[in-house]
Amino acid sequence: MRKLIGSLNTLLRRELDPLSDPRSSTQWLKEQRSGDLSQQLRSVREIVSRVPEREVFDLAGLQALFSLDEAAQPSFELLCQQYIQNPRMGKQIEEKLWDDIMGFARAMLNAYHRYIKVENPAPDEEAGFTQATPVMLARALRLIGIQVKWHFFRFEAPPPQLWAGANQMYRLSEVSGVDCDPFEIYPNDEELTTSCADEFLRIQMLATLNNGNFTLRQFDWADRWLGLWSRHIQLERRYRDGVHQFCVNLAEPTGPSKIHAAVEGDLMRFWGVGELLAEMNRTMQALEAGDSPARLGLGDDARMPACLEFMRQLEILWARERNQQIHRKERTKVNRLVQVIHGLDSIFEVVRQDDERMMSRSGLSRAPDADELVDMKLYGYVTERTQRKLAMQQATKHQVYGNRPVAAEHDNWVIDNQSQGGLGVVLPLQGHDWVRLGVLLAMRNDDKSHWLIAVVRRLNRVNSEQLYAGIQILTTTAVSMSMRALEQERHLEMMPGSIDVVPVGMVLQRQGLYIPYQSENRRANTLLLHMADYQVGRLFEVVARDKVFLVRLSEVLEKGPDWIWAVVEVVKRG
């Protein structure tokens, strides 16, 4: 009798179909608890891969698919993090994890796609399918986004069918009238409510980062943050000049494009990043004020200062697309060597040395001081008191940051191509992890040349070992400056026991560069200085080539990771 009962139970288990209804899928999942993460996901993958072969696609089967997908999410997320947190894993391990992650995403996407294609459900199931439609489409879009991201991890272009799938899913959400409906994509999901439009924009905006020199972890941060920020981006059907920076054609198997000229089309969709940048700025201000990344919803693994530095990189990238139309100049293939220095203090120092060499060669001498003229009239010679005063003034002019930094040894880069105002270079990834968008550079051809100032504008991974950098030349005529904030001098004058002449070194001196600025319709005096030194309206006494000026900081032209380029108003010439 016991053998008969055992045989019946075995037969019943064999007939259990986890794709038939939620109860059967739940029972089947209980039997799959043993084994590692990869094995559990492979079991789910094997089951859902049978969905397209089924003959019946009813509401119960869809609910079973929902159940299998939701149950697999914790294991799938852990497997994804295992890949992201081990960027230097062996090739065999990487290939196995990549196949497990991509295989699961493909199988689940194909399963959802089959239910999305159901056109005439049974009358008693029509309401259920209607209610499930936005969830199906949003999950399909997220699965496409996962595949796009993992192609980026390997520096590969996502295949056209992925872009076609994303555009098709979003278009279906528009036709169904559910593109902006908010909901939880998975029960107990830590992320905020989402929508089909949010998931679609998340994919599109992530694709704009594929030309950046970003790590796997940074890509994952950006993807997660876009889940928070996508609601600050609005898809529109008509192009608005000055508002929109990106577009996508839903009729083509392609991803997002930058807008260089007005374009129209019934299936064109447009969006801008103005509100997104404003939200990012609020988040960065909160981080700078001491708030934690985790409390701001940026993730438990987001740590300062790396989190803030990467957010500034994103701001530089997206703000540039918003504020400037980049006109590509004709490039010429070259093969020449240049010397390169990075790091603000090192750049300021080599430009200062350039200025001193130029002044020494030109034999420039300063104009006589008023006290010298008085001494000569009264005594026929310059008194020792006046000489001490002049020596102290001259030392103060050239005192920068207390101790001058020693000029860093330069790197040698081979220029691959050049254009009017720009250079292109291919670099090995090893040793160049500091090369980021917005990084300032000093460059020159040889020891006899002057240093010019440039900035990294474009990055693209050529392959797993090489990086292409597009570099814009900001100026060939930068002038070194020492700067003194006047409010610090007033603070020292009010200190107890203050003396008439502030000793050298007591007032903190800063460095900067004067850069002549000229655009099509504007000329201005500008300074490039440390980000920490900028405050709109702040007064500085600046000394450049022995000339003294009082200037007031004005609007910002551009921001880098650690520098600001600002317009200045000359208040007084000393």
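**Entry 1: the whole chain**

I first reminded myself that this is a predicted model. I then looked up the secondary structure and found 15 helices and 15 strands in the protein. For burial, I noted that 47% of the 574 residues count as buried. I also looked at how far apart in sequence the contacting residues are. Taking contacts between residues at least 6 apart in sequence, I found that 69% join residues at least 24 apart.

**Entry 2: a three-stranded sheet**

In what order do the three strands of the open sheet run? I read the order as E2-E1-E3, with antiparallel pairing. Strand E2 (257-258) and strand E3 (268-271) are the edge strands, and each of them pairs on one side only.

Next I went through the pairings. Strand E1, residues 246-249, pairs with E3 over four bridges, in the antiparallel sense. On the other pairing, E1 and E2 are joined over two bridges, and the sense is antiparallel here too.

I picked out some bridge partners to have landmarks on screen. Phe-246 is partnered by Trp-271 in E3, and Val-248 by Arg-269 in E3. Towards E2, I found Cys-247 opposite Ser-257.

**Entry 3: helices H4 and H9**

How are H4 and H9 oriented to each other? I found that helix H4 (residues 59-84) and helix H9 (residues 216-229) pack at an angle of about 140°, and that their axes are 9 Å apart. Angles over 145 degrees would count as roughly antiparallel, and H4 and H9 are therefore oblique to each other.

I listed the residues that meet: Gln-81, Tyr-83 and Ile-84 on the H4 side, and Leu-216, Arg-217 and Asp-220 on the H9 side. By type, I sorted the residues of this contact into three nonpolar, one polar and two charged.

**Entry 4: aromatic rings**

I looked up ring pairs and found that the structure holds 17 aromatic pairs. I opened two of them.

One of the pairs is Phe-66 with Tyr-112, which is tilted, with 5.9 Å centre to centre and 45° between the planes. Phe-66 is in helix H4 and Tyr-112 in helix H5 (residues 91-116), so the pair links distant parts of the chain, 46 residues apart. Both Phe-66 and Tyr-112 are buried.

Tyr-239 and Phe-270 also form a tilted pair, at 5.8 Å centre to centre and 55° between the planes. Tyr-239 lies in the loop between H9 and E1, and Phe-270 lies in strand E3, so this pair ties together parts that are 31 residues apart in sequence.

**Entry 5: a cis peptide**

Which residues does the cis peptide bond join? I found Met-304 and Pro-305, with omega about 0°. I placed Pro-305 in the loop between helix H10 (274-288) and helix H11 (306-323).

**Entry 6: two buried residues**

I stopped at Asp-355, which is found in helix H12 (residues 344-362). Asp-355 is buried, with a relative accessible area of 7%. Which residues does Asp-355 touch, not counting those up to four places away in sequence? I noted Ala-478, Val-479, Ser-480 and Arg-545.

My last stop was Val-455, in strand E8 (residues 452-461). Its relative accessible area is 0%, so Val-455 is buried. Leaving aside neighbours within four places in sequence, I found Val-455 in contact with Gly-438, Val-439, Leu-440, Gly-470, Ile-471, Gln-472, Leu-474 and Trp-563. I also looked up the separation of Val-455 and Ala-442: 13 residues in sequence and 8.6 Å in space, C-alpha to C-alpha.

Definitions and conventions. Residues numbered from 1 in each chain as written. Predicted model: local features only at pLDDT ≥ 70, side-chain atom pairs only at ≥ 80, totals over all residues. Heavy atoms only, no water. Pairing = 2+ DSSP bridges. Axes fitted to C-alpha atoms, helices over the stretch in contact; angles between N-to-C directions. Parallel < 35°, antiparallel > 145°, perpendicular 65-115°, else oblique. Contact = heavy atoms within 4.5 Å. Nonpolar A, V, L, I, M, F, W, Y, C, P; charged D, E, K, R; others polar. Phe/Tyr/Trp six-rings, centres within 6.5 Å; stacked < 30°, edge-to-face > 60°. Buried < 20%, exposed > 50% of the residue type's maximum accessible area, 1.4 Å probe, protein only.
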